[in-house]
Amino acid sequence: MEEPLDLIKLSIDERVYVKCRNDRELRGRLHAYDQHLNMVLSDVEETITASEEDEETGEEIVTKKTRNVGMLFVRGDIVVLVSPPLRTS
């Protein structure tokens, strides 16, 4: 491996975890990417985490919404982190 994007190249056609801005997380199979981290993912599970404060008790209420998407284009400027699959060798 010579460059950081080489790690992503090894993850083509594998399931990856992508953390995005605005508390969004994606898990899906990586089909393509470019130098801007634009990506095409399939079989995507998107999780959106939202938190708000209960007006009466002042407690933070955290909600998670999940949806499944067959194919998704991810714009690179929202990507915070890309985690390749765990390799045990």
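Biologist: How many bridges pair strand 2 with strand 3?
Modeller: This is a predicted model, where local features need pLDDT of at least 70, side-chain atom pairs count only at pLDDT 80 or more, and totals for chains, interfaces and linings use all residues. Residues are numbered from 1 along each chain as its sequence is written, and side-chain values use heavy atoms, leaving out hydrogens and water. Strands are DSSP runs of E, at least two residues, numbered from the N terminus, and two of them pair if DSSP finds at least two bridges between them. Strand 2 (residues 24–33) runs antiparallel to strand 3, and the number of bridges is 8.

Biologist: Which residue of strand 3 stands opposite Leu 26?
Modeller: Stay with the antiparallel pairing of strand 2 and strand 3. Across from Leu 26 you'll find Glu 46.

Biologist: And what stands opposite Thr 49 in strand 4?
Modeller: Strand 3 (residues 39–53) and strand 4 (residues 60–74) are antiparallel, joined by 14 bridges. Facing Thr 49 is Lys 64.

Biologist: Which residue in that hairpin takes a positive phi?
Modeller: The hairpin of strand 3 and strand 4 has 6 residues between the strands. The one with phi near 80° is Gly 58.

Conventions. Helices (H or I, at least four residues) and strands (E, at least two) are DSSP runs, numbered from the N terminus.
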